[in-house]
Amino acid sequence: MCVARCSHCVGVSLVPLAILSMVANALLLFPNLDTRYLQEGHVTRLATWGTGLWASGFLVLLAARGFVSSSSKTGCCTFRAEMLCQVGYSCVALAAAGACFLVSGTGLARGPYCLHNSTQGLNWEMPLERQSASEKYYLFERERWALACLEPQGVVLWNVVLFSLLMATSGIQVLLCAAHTLNALLGVLCGPGFRKNKVGPV
C-alpha cells in the first residue's frame, strides 16, 4: 500500500465531484435557466446558501489540490509533515461536504419554493413541505408534483434531481475525505509507503 498514491487518487477523484456540485448548486439558483426567479427572491433559501458552491465545491477543490501536490513530496520528515497538514485539509473538506449533504437533504425533503394555488389564493410558498409527522413525503407521491406548483414550470423535478445530485456528490466526498483522513494518519505514522518500512535484524 502506498500512502502517497492513495492521496493522489483521492485528490484527483474529488475534483470532478466538486465541479459537479458547483454546477448543480448554480442550476438550483436558476429554475428553468431563468434569472428572474433569483432576482425576485423566488428561490428556495437552502439553494441560496450555496453549500454546493463554497463547501462541496471551492473548499473541497482546495483540499484536493493539497492532496495532489503534497503526495509528490519526498523525504521522510517532509512527507510526514505534509501528511499532517493533509489531516487538517481532510477534516475541513469532510466538514464542508457534510454540511452540503445535510443542507441538500433538507432541501430535498422540504420541496421547492414556488407559486402555489392555496386556499388564500396564489402565494409563493413551499406547498410540498410536510406539515405533520404522519404526512407522507412528497417524494413518494409523484401524482402531487404536477399540481403543486404553477410557476416555475417543472420546478419540483428540477429540485429533486439537483438536490439529489448534490446529496450524491457530497456523500461520496464525505466517504473519500474520511478515508483520506485515515490514509494521512497512516502517512504520518508510517511514512511514504509501508513497503519501504523494513524491519532490520535485531
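**Surface and core**

Author: Let us begin with Val 23, which lies in helix α1; helices are DSSP runs of H or I of at least four residues, numbered from the N terminus. Please note that this is a predicted model, in which local features need pLDDT of at least 70 and side-chain atom pairs count only at pLDDT 80 or more, while totals for chains, interfaces and linings use all residues. Residues are numbered from 1 along each chain as its sequence is written, and side-chain values use heavy atoms, without hydrogens and water.

Reader: Is Val 23 buried, partly exposed or exposed?

Author: Buried means under 20% relative accessible area, exposed over 50%, and partly exposed in between (1.4 Å probe, protein chains only). Val 23 has a relative accessible area of 44%, so this residue is partly exposed.

Reader: Where does Ser 104 lie, and is Ser 104 buried or exposed?

Author: Ser 104 is found in helix α5. Its relative accessibility is 1%, and therefore Ser 104 counts as buried. Leaving aside residues up to four places away in sequence, Ser 104 touches Phe 163, Leu 166 and Met 167; contact means heavy atoms within 4.5 Å.

Reader: Which residues touch the most other members of the largest nonpolar core?

Author: A nonpolar core is a set of buried Ala, Val, Leu, Ile, Met, Phe, Trp, Tyr and Cys residues joined through side-chain atoms within 4.5 Å. Here the largest has 24 residues, and Tyr 138, Val 156 and Phe 163 touch the most other members. Helix α7 gives the most to this core, with six residues.

Note on methods
Helix = DSSP H or I, 4+ residues; strand = E, 2+ residues; numbered from the N terminus.
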